[in-house]
Amino acid sequence: MTNFNASLTAEAHNKRRTLMERSRPGRTGAALPASDVPPQLMPEPSLLRDDLLLPEITEGEVVRYFTNLSQLNFSVDTNFYPLGSCTMKYNPRINEAIAALPGFAMAHPQQPERQVQGTLEALYILQEDLRAITGMAATSLAPLAGAHGELAGILTIRAALDARPGATKGQRRTMLIPDTAHGTNPASAAMAGFNVVTVPSLPSGDLDLDAVRAAANDELAGIMLTQPTTLGLFDRSAIEMCQIIHDAGGLVYADGANMNALLGRVKLGEVGFDIIHMNLHKTFSTPHGGGGPGAGPLCVIEELAPFLPGPVVEKRPESTYHSVMPAQSIGRMGGYQGNFGVLIRALTYITLLGDEGMLEISGNAVLNANYLLAKLKPVFDLPYDRSVMHEVVFSAKRRKGASALDVSKRLLDHGFHAPTMYFPLVVAEALMIAPTETESKETMDAFIETLFAIDAEAEADEDFLHGAPYNTSVSRMDEARAARQPHLRWEPAE
Amino acid sequence: MSDLPFASPYVPNTDEDRAEMLAAIGVPSIDDLFLDIPAEFRAPPLDIPAPLSEMELRQEMERLASRNFHAGTHPSFLGAGVYNHYCPAVVPPLVTRGEFLTSYTPYQPEVSQGTLQANFEFQTLTAQLFDMEVSNAGMYDGASALAEAGLMACRVTKRARIAILDTVNPHYAEAVRAYAGPQDIEVYTITADATELQPETSAVLAQYPNFYGYVEDVQRLSDMAHAAGGLFCISADPIAISLLKPPGAFDADIATGEGQALGVPMSFGGPYVGIFTCRKQYIRQLPGRIVGQTVDTHGRIGYVLTLQPREQHIRREHATSNICTSTALIGLWATVYTALMGKRGLRHVADLCYQKSHYAAGRITEIPGYDIALTGTFFQEFVVTCPKPPAEVNLRLEEHGIIGGLDVSDQIDNGLLLCVTEVNSREQIDELVAALECIH
């Protein structure tokens, strides 16, 4: 083992020092005004804080620290980021400029409606656009992230089922979840008080409809299907599946994580889905921000509209806009009107690209994924050999010495972010690759060439990839130690 | 290829690229890649407008933005959970650097040390500010953070009943109910002078300062929760607690907060960041992302996402929560703001809020017909009883070019909740007073 003190320069160490380690008494990073009012009587001392441990740093030092930190990140701006499921497309900067307009950024969510007609109108337009794109009857922009949308969405289902004439409240509490689903689906279903029943998929990748039929009884609330699925496939059983669920009195939830492939190609509301959430940070180009914020709006059929989480924006005949709670709303899932700053970025994107742009997105995203599929077949196993939507799932089990983890780590050395690894769970050594429409053929060709080279490296030396990455600022991390001895904040030296 | 006649500035494929790629795939057109979609549903008409140039788009969006009457152009005395604090010019360009803005959840720590270390700083600063042992990397917002605190308290105590103060932000209380109801957790309301809890209460949920701006006897509430074998959860304002005693001083078990107050734009309600801190003994029950320090194979210090067996991608329906974001970018915003303000600056901001709001309250009580509704210590917000319905007062203030307070007349007769922060100059406060003098 290398002595890290020897392998790191003093300056490299210096760059990673935390804020508290940089702090020196007497420094400050803010020029603040003096009080311009007469001194007021302070609260009694027993109510006051006596010590406040926070850093004391100058503005320049803060800038250098965070700038250096930023440079330790891979990002869409700097690297190809084919992280499946996450739709890491380019984030147009006009989105940022619009969200920062003072009329939007300085608006308070509880101002009287007449003072914020501009923001309400913007939200209304987005509601209508998303409704049109999904072929649904109503939209709620309230959910603050994809998983938040899932939770709000199935609570909406639960409320609607309980409110049906003749329904026994609490009877329909089984939620079917395919074995390919994201972990958020079962977690959301459990949070919403449903019993989760896992449904297998067939060797074709489509859902096993016999299993769906077997579970379709009078306790069934519905099913949560990701369409296209996490295998990157358009599930061809969906139309029949919707029929089965509806016949059993259930409702069909579409996880819209992979909507990027469907824009302008199909409206899930027309196919038979009853409710869908979209991840605006995926499909509609709002920045992922190192792990949020996102937004997870819901679109629903007529029956579900009264139960949506609020508030939603209503347009009245005199062209005024109003923020209202739907009649039988499941309530508020967050503080205010949803993540407006994210919503306005998505509206900007949709408005700039328009109807033709939606087709351009889905067409090129799907083309790029199928191109990677065609070119990478010689390197990896392809468990589902079908035309894919906007992402493709390979298996890295063929080459000993090149597990999904090894390949992923070695890609980092070559300046490519890793694909999503070991998901979906039904594929051994899964590598899920989503190129998105904003990557060029040249970039994908370089990526393909690199994967061939990595395969050759593993063939030449079975152990070589286990040590990767070699060229990053840190190597593989000791995750077991992190979990066994949790060190979750800076601690003062003894 | 005539498949896609439109060309946006974001898609690099040329007709020639597309032709080559289709040939490699072995299909004649892009449309042929969508044949798994049943024909009768394929390529439906799409009823959204045609594309716009960036210039036209900007004009349209500026038209919408300019319809708003907002705190950038008018003095505002509206708070109620969302606060207008001054944010130094350096924060936005630093936070929106592409490497932070366009990366994702740090699944690959070797190429995500920037985000991970920034998350670790967020955890450090929030834990220190709230005087709590540990913090997670961030939640959606203050409302959902308090709701998740309620759920966590039920997991820890294995009980299913939550007491919530009637002085908690009503929107937060609604979120608590929306989260708790489906898990058959009962939520009941208590007042600040309650002396008894229902049996099997898992937690007391309070707000500090409360929704009306006032400091309650938090220690007593905490003691009451603990005496009943429950946890004490408190949603605190991060600016207020740099002047007032922090949650840790009251033996809080879980302390949450709305990170928006740390210089984050109000942005009509979001995105914000929820702060979630607790005792270290409960870390395996925490919802959300947690970053921990460790070493790499060469012994170099670095950071990773840790304690992941709590989370949805591992535990699925048995996870502590379905949440999979830390709202990292807003967490970074709050972190950079707090680092700049630091020990003295944050306290100074809090002091200005206190001084100016008390000056304003003092001036308003001198106006005939107006009074301060509540007694006790407030921080930067207070309720004024008006001689007219508050909705009307707000309308008249608007005519004077002022954004008024929140109408709380459903709780307090003719009550108007006003907020004064460091951004309100004495001149603005005097304008408010002069305007109120005309409204009677």
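**View 1. Chain B at a glance.** Chain B carries 12 helices and 13 strands (DSSP runs numbered from the N terminus, H or I of at least four residues for helices and E of at least two for strands). This is a predicted model, in which local features need pLDDT of at least 70 and side-chain atom pairs count only at pLDDT 80 or more, while totals for chains, interfaces and linings use all residues. Residues are numbered from 1 along each chain as its sequence is written, with chains lettered from A and ligands numbered from 1 in the order in which they are written. Along the principal axes, the C-alpha atoms of chain B fill a box of roughly 80 × 55 × 50 Å. Of its 440 residues, 62% count as buried (20 or more other C-beta atoms within 10 Å of the residue's own, with C-beta atoms placed from the backbone).

**View 2. Where chain B meets chain A.** Here 170 residues from chain B and 169 residues from chain A take part in the contact (C-beta atoms, placed from the backbone, within 7 Å). Helix H10 (residues 328-365) of chain B supplies the largest share of chain B's side, 23 residues. That side divides into 84 nonpolar, 55 polar and 31 charged residues (Ala, Val, Leu, Ile, Met, Phe, Trp, Tyr, Cys and Pro are nonpolar, Asp, Glu, Lys and Arg charged, and the others, Gly among them, polar).

**View 3. A helix pair in chain A.** The axes of helix H7 (residues 117-134) and helix H14 (residues 340-376) of chain A come within 10 Å and cross at roughly 50 degrees (axes are lines fitted to C-alpha atoms, for helices over the stretch in contact, and angles run from 0 to 180 degrees between N-to-C directions). Residues making the contact include Leu123(A) and Leu126(A) of H7(A), and Leu343(A) and Leu347(A) of H14(A). By class, this contact has 12 nonpolar, 1 polar and 1 charged residues.

**View 4. The open sheet of chain B.** Seven strands line up in the order S1-S7-S6-S5-S4-S2-S3, with mixed pairing (two strands pair if DSSP finds at least two bridges between them). S1 (134-135) and S3 (186-190) of chain B stand at the edges with a single partner strand each, so one side of each has no neighbour in the sheet. Strand S2 (residues 161-165) of chain B pairs with S3(B) in the parallel sense over 5 bridges, and Arg161(B) stands opposite Glu186(B).

Definitions and conventions
A residue is buried if 20 or more other C-beta atoms lie within 10 Å of its own, exposed if 12 or fewer, and partly exposed in between; C-beta atoms are placed from the backbone. Two residues are in contact if their C-beta atoms, placed from the backbone, lie within 7 Å.
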